Amino acid sequence: QLGVALEDNLLITAGGMCAGGVLSTVEVLNTESKQWYSLKSLQLPEAIYLCGITISGGYAYIGGGWNAAGKRSKSYWRLPWSAVQQSVQSRDSTSSPVTWEKIADSPFEASSLLPNSKLPILFGGRKSDYKRRSDIFMYDPTQKRWTAVGNISTECSCPCVVPINSNAVFVCGGYRGNNCCTNKTELLTMCL
């Protein structure tokens, strides 16, 4: 129930849920040394779970999911990837708290964030009236906004999205509403 991404031999995890409630913690595994780091300096701006993380353009982007109040979140933030690397290198001992930069909210709730893409890309989602969407949105950091760039074939929230290579994304499943999930799969060709 936490967000996970891998970059430069560092596996970053953020948010999640445990018996004590919803978490705002960030932890990193150095996949070479097999050492875990709990990075207090990188605390998330709010406790969230079922969130997405992607490393893109020198930044870690995180958001979506559910917040501690039990509401779907459209909030997204970013942090320079170098801040994560520095916190790991110093074992968080010399790092002062880092401020996550708030970026534009996603257009919809319950969209899925594509890992490992050149720019953050969201798939599917739902409007506040619970109508499922098939939109694909890309975040443009220079314009500071999400822009529609296409559609998946099924209106759904929370689809699973996996990059296959630099030109292809595998999209499968998702929630259609009324206790109905889809098992539809598709392979999208796009420039990542």
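Which residues lie nearest the centre of the largest pocket? They are Leu-50, Cys-51, Gly-52, Ser-112 and Leu-113, out of 21 residues that line this pocket. The model is a predicted one, in which local features need pLDDT of at least 70 and side-chain atom pairs count only at pLDDT 80 or more, while totals for chains, interfaces and linings use all residues. Residues are numbered from 1 along each chain as its sequence is written, and side-chain values use heavy atoms, with hydrogens and water left out.

The largest pocket has a volume of about 370 Å³. A pocket here is an open set of points on a 1 Å grid over the protein atoms alone, with protein on both sides within 12 Å along at least five of seven lines; a cavity is a set of points where a 1.4 Å probe fits but cannot get out, and lining residues have an atom within 4 Å of a point. Grid points are joined across faces, edges and corners, and a volume is the space filled by probe spheres set on the points. The strands β1 (3-7), β8 (52-56), β13 and β17 (160-165) each supply at least two residues of the pocket lining, and β17 gives the largest share, three residues. Strands are DSSP runs (E, at least two residues), numbered from the N terminus. By class the pocket lining has 13 nonpolar, seven polar and one charged residues; Ala, Val, Leu, Ile, Met, Phe, Trp, Tyr, Cys and Pro count as nonpolar, Asp, Glu, Lys and Arg as charged, and the others, Gly among them, as polar.

Ser-112, one of the residues nearest the pocket centre, sits in strand β13 (residues 112-113). Ser-112 has a relative accessible area of 11%, so it is buried (buried means under 20%, exposed over 50%, partly exposed in between, with a 1.4 Å probe and protein chains only). The side chain of Ser-112 reaches the backbone oxygen of Pro-159 at 2.5 Å. Leaving aside neighbours within four places in sequence, the contacts of Ser-112 (heavy atoms within 4.5 Å) are Ile-121, Leu-122, Phe-123, Cys-158, Pro-159 and Val-161.

Ser-157 lies in the loop between β16 (145-151) and β17, and is buried at 3% relative accessible area. Its side chain makes a polar contact with that of Arg-132 at 3.2 Å; such a contact is a pair of N or O atoms within 3.5 Å, where within protein one must be able to donate a hydrogen and the other to accept it, and residues adjacent in sequence count only if both atoms are side-chain atoms. Gly-20, in the loop between β3 (17-18) and β4 (21-22), is instead exposed, with a relative accessible area of 75%.

The volume of the largest cavity is about 50 Å³, and its lining has three nonpolar, four polar and two charged residues, including Cys-156, Lys-184 and Glu-186.

Last, the cysteines. The structure holds zero disulfides, a disulfide being a pair of cysteine sulfur atoms within 2.5 Å. For Cys-160, the nearest cysteine sulfur, that of Cys-172, is 4.1 Å away, and Cys-160 is partly exposed at 37% relative accessibility. Cys-181 is exposed at 58% relative accessibility.

How values were computed: Helices (H or I, at least four residues) and strands (E, at least two) are DSSP runs, numbered from the N terminus.
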